[in-house]
Amino acid sequence: MTLLQLVINGAALGAAYALVALGFVLILNATNAVNFAQGDLVVAGGFVAVALAGFLPVPGILLLPLVLILTFVLGLAFSLLAYFPLRDRPPVAVFISTIALGIVFQNGFNAGFGPDPRATPPLFAGGFWQLDGLTIEKQGAAIVVTAAVLIVAQHLVFTRTQFGRRLRATAQDRDMARALGVRVTWMIALTFGWAAALAGTAGLLLSNKFFVTPTDGTAYMILAYIAVTIGGWGRIAGAVAGAVLIAVFEVVVSAYLSYTVAIAALYGAVLLVLFFRPQGLFGDVIQRRA
């Protein structure tokens, strides 16, 4: 398989990773807290799609709106349980509460669906295109297009609407936003909801190719954390770029060496980034006074 073919395959995986990392950054910007259950929300999206497919045997693209809505509601509930009761406590309290709720999710998935891998329906019928010796899977292309539509839609909402301005104001300075009349609590709850909807969509997209099990959330959480670290903490565009980079890196190294080597090399790359550019590859340098 050629290097270009591997990059194309990695781009589809990276598009799904980008949705996970994007939700991770949104929560971080809005609350200054890390949601360690973001990966478990990806798994939640996968199992929601599996459950819906049991009642509605339709292509995944028709299940997508339902997954978005249900995981959005799940995100709202998550904020009520894991964030708001502890929002005035030190950030470590929120970190621990998200970890605890993630464990509850994992055990709930295991009780409801069992430990065996499950698959979601493909977005469209399978197949592929041939282009100058390259094979482009229709499912992979659909994942890239779906992720791109959601990312662009979010960008437009954030930059072109009054709601988006209020959301960004909440993320930048909650006290000032509250003084200007923004309903900060409601904005934060909506951020949790949208972050969960992005993660749930990623779960639907990934679970068709890689299946879903109750304990997959930890791996997705670590990948999102690495993507945000490489892209630059708090930077939405950096998180998307970091997610695509690590996915392409994972696919290429796995093909030439092995998946184990790819993951080990990925951790090594993160250490190098932290050593030479602690602000991330796409982050701004912060000048400190001596």
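H1 and H10 pack at an angle of about 145°, with 6 Å between their axes. Keep in mind that this is a predicted model.

**Helix packing**

- The crossing of H1 and H10 is right-handed, and the residues in this contact split into 23 nonpolar, 4 polar and 1 charged.
- H10 also packs against helix H9, which covers residues 217-231. Here the angle is about 115° and the axes are 7 Å apart.
- The crossing of H9 and H10 is right-handed too.
- On the H9 side of that contact you'll find Leu223, Ile226, Ala227, Val228, Ile230 and Gly231. Across from them, H10 brings in Gly238, Ala239, Gly242, Ala243, Ile246 and Glu250.
- By class, the H9 and H10 contact comes to 8 nonpolar, 3 polar and 1 charged residues.

- H9 gives the most, with 4 residues.
- The lining of the largest cavity has 9 nonpolar residues, with no polar and no charged ones.

**The open space**

- The largest pocket has a volume of about 350 Å³. It is lined by 17 residues, and the closest to its centre are Leu26, Asn29, Phe158, Arg168 and Ile236.
- Which helix supplies the largest share of the lining of the largest pocket? That would be H5, with 5 residues.
- By class, the lining of the largest pocket has 10 nonpolar, 6 polar and 1 charged residues.

**Two buried residues**

- Asn35 sits in the loop between H1 and helix H2 (38-55). Is Asn35 buried or exposed? With a relative accessible area of 2%, Asn35 falls under the 20% cut-off, so it counts as buried.
- Leaving out neighbours within four places in sequence, Asn35 is in contact with Phe24, Ile27, Leu41, Phe78, Thr98 and Met221.
- For a sense of distance, Asn35 and Ala148 are 113 residues apart along the chain, and their C-alpha atoms are separated by 23 Å.
- Thr191 is in helix H8. Thr191 has a relative accessible area of 6%, which is under 20% and therefore buried.
- Not counting residues up to four places away in sequence, Thr191 touches Leu26, Ile27, Ala30 and Leu167.
- Leu167 is 24 residues from Thr191 in sequence, and the two are 7.9 Å apart in space, C-alpha to C-alpha.
- Ile27 links these two stories: Ile27 is one of the contacts of Asn35 and also one of the residues that Thr191 touches.
- Leu26, one of the residues that Thr191 touches, is also among those closest to the centre of the largest pocket.

- Thr260 belongs to helix H11, residues 259-276. Its relative accessible area is 62%, which is over 50%, so Thr260 counts as exposed.
- Thr260 and Glu250 are 10 residues apart along the chain, with their C-alpha atoms separated by 9.6 Å.
- Phe211 lies in the loop between helix H8 (184-210) and H9.
- Phe211 has 41% relative accessibility, between the 20% and 50% cut-offs, so it counts as partly exposed.

Definitions and conventions: Residues numbered from 1 in each chain as written. Predicted model: local features only at pLDDT ≥ 70, side-chain atom pairs only at ≥ 80, totals over all residues. Heavy atoms only, no water. 1 Å grid on protein atoms, 1.4 Å probe; cavity = no way out; pocket = protein on both sides within 12 Å on 5 of 7 lines; lining within 4 Å. Points joined across faces, edges and corners; volume = space filled by probe spheres on them. Nonpolar A, V, L, I, M, F, W, Y, C, P; charged D, E, K, R; others polar. Axes fitted to C-alpha atoms, helices over the stretch in contact; angles between N-to-C directions. Left-handed = near helix turned anticlockwise from the far one by under 90°. Contact = heavy atoms within 4.5 Å. Buried < 20%, exposed > 50% of the residue type's maximum accessible area, 1.4 Å probe, protein only.
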